Amino acid sequence: MTSQPPENQDKDRPGGGDGDAARTGPGPEAGAGGRWSDLDRPPLNGTALRRALLRPGSLWTGLDVVPATGSTNTDLTARAAEGLAEGTVLVAEEQSAARGRLDRRWSAPPRSGLFFSFYLTPRVPPERWGWLPLLAGVATASAVARVTAVDTALKWPNDLLVTVGDEERKAGGILAERAGDGVVIGIGLNVTLRADELPVPGAGSLVLAGAKVTDRDPVLRAVLRSVEDWYGQWTAADGDAAACRLQDAYAAGCATLGRQVRAELPGDRALLGEAVAIDGDGRLVLATEEGMQQPVAAGDIVHVRPAAQE
C-alpha cells in the first residue's frame, strides 16, 4: 500500500515524535480495577493524541476518547445534525452497539482494538463522495502495514484483511454515512483480539497476524495522519480519484481483483464473474460469463466472496 510522506513516518513509530514515548511498563495505575488492569490492553492516551494531531492547519480539529459508547458513528451523526466542525474525531475504548454495513452488529472486548469515527465535509462534487470509504481503506491499510509490519489487503468495498497462518482474515471494517452537511466515517480495527475471542472463524487481528507493534496510540496516529494526507490529495484534485492516484492505490491493494466472486444483490439476485477493475466511481467491475463488464456499486451489493466458497 502507498505510504505517507517521509516527514510523517518517524512520528508514527512508538516513541517517535510528539512527546508520546512508547510505553515500557504498566505505570502507577496498574492493579485490579485500574485503567491498566489488563496489561496487554492499556488505555489510549487522549492528551498525547490531541497534542500530536490537533495542530494549526491540520484536518483534525477535535478528538475525544470515551470509555464506552453504543456507536461512535451514531454519536457523531447525531452531533452533525446540530452542527459539527470538520475533523472532529470520536474514539471509544468499547462499543456496545457497533454497526457495520447493512446494519450488521459486532462487538469486541474493551481496548482490544481501535473503534473510532470522524466527520468530513468534502468540498468536492457530491457524486464523488462514494470514494471516501475507499480512501479510508487505503489510508488505514498503508498506515497499519507501515507501523505494525503486517501485510494488509483490502476486500472491496470496506474490509481490511490480514493473513493469519495461511488464511486470509478480516481484521477491520469501514462504515461511511451521510450526516448533516458531510459524512461520518467509522473504522473498527481488531488489534489484540485473541483466538479465543474471535466472534466468527473468519475474523482476525493484528496480533494474530504477527504485528510487531500493538500499542494502539501510534497505530491510531498513523491512520489519522494517513487519512489526512489522502484526503488532502483527493480534495485538491476536486475528488478525481484517478488524478490523485487514489484509484490506482486502491486497485493495487485490493485482494478482490483477479478473483472469481459472487455479488449478492437485493431481491435475491446474484452476479457471478471475475473482479477485473475498480472504475472511476469506485465501483467493482465484474467480467461475467456472458462476456459483459458489469459495475457493481457499494450501495447495491450485499456480499462479495470467492465463488468457490458457495
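In soluble globular proteins, nonpolar side chains tend to be buried together.

A contact is defined as heavy atoms within 4.5 Å. Leaving out residues up to four places away in sequence, Phe118 touches Trp60, Leu76, Thr88, Val89, Val183, Val184, Ile185, Ile187, Leu224 and Val227.

## Basis of the model

Residues are numbered from 1 along each chain as its sequence is written, and side-chain values use heavy atoms, with hydrogens and water left out. Because the model is predicted, local features need pLDDT of at least 70 and side-chain atom pairs count only at pLDDT 80 or more, whereas totals for chains, interfaces and linings use all residues.

## Overall composition

The protein contains 6 helices and 14 strands. Helices (H or I, at least four residues) and strands (E, at least two) are DSSP runs, numbered from the N terminus. Of its 310 residues, 50% count as buried. Among contacts between residues at least 6 apart in sequence, 64% join residues at least 24 apart.

The protein exposes about 13,700 Å², and carbon and sulfur atoms supply 49% of this area. Such areas come from the Shrake-Rupley method with a 1.4 Å probe; for residues, only the protein chains shown count as cover.

## Aromatic residues

A pair of aromatic rings is described by the distance of the centres and the angle of the planes. Rings of Phe, Tyr and Trp (its six-membered ring) pair if their centres lie within 6.5 Å; planes under 30 degrees apart count as stacked, over 60 as edge-to-face and the rest as tilted. A search of the whole structure finds 3 aromatic pairs. The rings of Tyr231 and Trp234 have centres 6.1 Å apart and planes at 35°, so this pair is tilted. Both residues lie in helix α5 (residues 216-236), 3 residues apart, which is about one turn of the helix. Tyr231 is buried at 6% relative accessible area, and Trp234 is buried at 0%.

Trp60, Phe116 and Phe118 form one aromatic cluster.

## Thr148 in helix α4

Thr148 belongs to helix α4 (residues 132-148) and counts as buried because its relative accessibility is 0%. Its side chain reaches the backbone oxygen of Val144 at 2.6 Å. Beyond its neighbours within four places in sequence, Thr148 is in contact with Leu206, Ala211, Lys212, Val213 and Val219.

## Paired strands and hairpins

Two strands pair if DSSP finds at least two bridges between them. Strand β6 (residues 152-155) runs antiparallel to strand β7 (residues 159-164), and 4 bridges join them. These two strands form a hairpin with 3 residues between them, and Ala153 stands opposite Leu161 in β7.

Strand β11 (residues 269-278) is joined to the antiparallel strand β10 (residues 260-265) by 6 bridges, with Val261 opposite Gly273 in β11. The hairpin of β10 and β11 has 3 residues between the strands, and Gly267 in the turn has a positive phi of about 80°. Strand β11 also runs antiparallel to strand β12 (residues 284-287), through 4 bridges, and Ala277 stands opposite Val285 in β12. The hairpin of β11 and β12 has 5 residues between the strands, and Gly282 takes a positive phi near 80°.

Most residues other than glycine have a negative phi, and most peptide bonds are trans. Trp156 and Pro157, however, are joined by a cis peptide bond with omega of about 5°. Pro157 is in the loop between β6 and β7.

Asp238 counts as partly exposed, at 37% relative accessibility. Arg245 lies in the loop between α5 and α6 and has a positive phi near 70°. Arg245 is exposed, with a relative accessible area of 54%.

Definitions and conventions
Buried < 20%, exposed > 50% of the residue type's maximum accessible area, 1.4 Å probe, protein only. Polar contact = N/O pair within 3.5 Å; in protein donor to acceptor, adjacent residues only side chain to side chain.
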